[in-house]
Amino acid sequence: MAGQRNWAWGGFIAVTMASLAAALLMAWQAPDDIEQGVMQKIFYVHLPLAINAFLACLTVFIASLGYLWQRRSWWDDLGAAGARVAVLLCTGVLLTGMIWARSAWNTWWAWTPRLTFSLMLWLLYVVYLMIRTSIESPQRRAVVAAVYGLSAFLDVPLVWLSARLIRDPFHPANVHLATTAMKITLVVWFVPVTLISAGLVVARFNLNRRVREDERNTAAETVPTGNVRVSGGIA
Amino acid sequence: MMHTRYVIAAYVIGVGLLLGYGLLLWLEGRRLSRRQRKNGGGR
């Protein structure tokens with residue numbers, strides 16, 4: 001317990017310091033872009049959110065594979081945690097992207113390939129969470145979620161490749177960072193966003209485990225002897 | 001000035017979402033601990 005608390009404090013201090021460094025670099029060190037001006041600075045939070053969203057989706061994919069292979073509730077809880085964080089990060093990507101689009105291209109949304117596939121990704125993981133809440137049986141829920149989690153991941157390469165393979169009038173395949181200060185700022189922004197995202201997955205996973213254990217204990221206390229009730233699990 | 005507002009809004013939303021969810025998880029954990037203590041079980 002004390003070790004866990006030390007980890008939490010260490011993480012909190014690391015995140016705070018990294019966030020401060022990133023914010024200071026973004027505000028004062030990184031110059032404005034020649035073409036887009038100050039608007040380009042949205043990129044420093046937009047890209048780390050997007051990459052971490054992909055990593056969260058990958059977590060769901062690996063957890064789904066692990067569950068189908070080993071049938072352990074551990075994997076199911078990890079998948080559920082990854083999916084929630086994936087939805088959260090995708091929401092951040094879409095919203096920051098929309099704000100950038102509004103100011104850079106004078107439109108909140110355009111049905112271009114990358115934007116459409118990104119919206120699809122968000123929807124796919126929202127549906128994943130809806131599937132989890134709609135199935136009563138824990139075993140059935142875990143299997144269906146795992147199969148769905150595997151197939152939902154197929155959209156990630158589509159998001160990645162869409163701007164590269166299909167001509168996109170708005171979203172560029174790559175954003176060119178002209179100076180070293182801009183590149184450093186982007187790298188530094190990855191640190192707090194990645195730390196917070198990983199921390200959220202771990203925290204949600206631990207909470208899922210605790211809820212499952214709690215439900216198991218409650219079921220053991222309430223169900224009369226002779227009837228075996230399986231553990232509830234996380235919707 | 002207008003563009004600066006957009007940039008600030010993007011950062012508030014991007015970082016705020018992450019921190020907000022973190023806070024939600026912390027509250028949920030506390031609620032669970034309290035419930036477990038009340039039931040006399042748990043860790």
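Reader: What covers the buried residues of α5(A)?

Author: This is a predicted model: local features need pLDDT of at least 70, side-chain atom pairs count only at pLDDT 80 or more, and totals for chains, interfaces and linings use all residues. Residues are numbered from 1 along each chain as its sequence is written, while chains are lettered from A and ligands numbered from 1 in the order in which they are written. Arg141(A), Ala142(A), Ala145(A), Ala146(A), Tyr148(A), Gly149(A) and Ala152(A) are the buried residues of α5(A) (20 or more other C-beta atoms, placed from the backbone, within 10 Å; exposed is 12 or fewer, partly exposed in between). Their cover, by contact (C-beta atoms within 7 Å), includes α2, α3, α4 and α6 of chain A.

Reader: How far does α5(A) reach from its first C-alpha to its last?

Author: α5(A) has 15 residues. At 1.5 Å a residue, 21 Å is expected (1.5 Å times one less than the number of residues). The reach is close to that, at 20 Å.

Reader: Are α4(A) and α5(A) roughly parallel or roughly antiparallel?

Author: Helix α4 of chain A spans residues 113-134, and helix α5 of chain A spans residues 138-152. Their axes are 9 Å apart, at an angle of about 175°. That angle is over 145 degrees, the cut-off for this class. The pair is therefore roughly antiparallel.

Reader: Which residues in α5(A) meet α4(A)?

Author: By class, this contact has eight nonpolar, one polar and two charged residues. From α4(A) come Leu124(A), Tyr125(A), Tyr128(A), Ile131(A) and Arg132(A). In α5(A), they meet Arg141(A), Val144(A), Ala145(A), Tyr148(A), Gly149(A) and Ala152(A).

Reader: Which residues does Tyr125(A) touch?

Author: Tyr125(A) is among the residues that touch the most other members of the largest nonpolar core, with Ala53(A), Ala86(A), Leu89(A) and Cys90(A). A core is a set of buried Ala, Val, Leu, Ile, Met, Phe, Trp, Tyr and Cys residues joined through C-beta atoms within 7 Å. Leaving out residues up to four places away in sequence, Tyr125(A) touches Ala83(A), Ala86(A), Val87(A), Cys90(A) and Ala152(A).

Reader: How many residues are in the largest nonpolar core?

Author: Ala53(A), Ala86(A), Leu89(A), Cys90(A) and Tyr125(A) touch the most other members. At least two residues each come from α1, α2, α3, α4, α5 and α7 of chain A and from α1 of chain B. α3(A) gives the largest share, 16 residues. The core has 62 residues.

Reader: How many residues does chain A bring to the contact with chain B?

Author: Chain B brings 21 residues. By class, that side has twelve nonpolar, eight polar and one charged residues. Chain A brings 26 residues.

Reader: What percentage of the residues of chain A count as buried?

Author: Chain A has seven helices and zero strands. Its C-alpha atoms fill a box of roughly 75 × 45 × 25 Å along the principal axes. Of its 235 residues, the buried share is 37%.

Reader: What is phi of Asn106(A) near?

Author: Asn106(A) lies in the loop between α3 and α4 of chain A. With 7 C-beta neighbours inside 10 Å, Asn106(A) counts as exposed. Its phi is positive, in a residue other than glycine, and near 60°.

Reader: Is Arg71(A) buried or partly exposed?

Author: Arg71(A) lies in the loop between α2 and α3 of chain A. Its phi is also positive, near 55°. Because Arg71(A) has 13 C-beta neighbours inside 10 Å, Arg71(A) counts as partly exposed.

Methods
Axes fitted to C-alpha atoms, helices over the stretch in contact; angles between N-to-C directions. Helix = DSSP H or I, 4+ residues; strand = E, 2+ residues; numbered from the N terminus. Parallel < 35°, antiparallel > 145°, perpendicular 65-115°, else oblique. Contact = placed C-beta atoms within 7 Å. Nonpolar A, V, L, I, M, F, W, Y, C, P; charged D, E, K, R; others polar.
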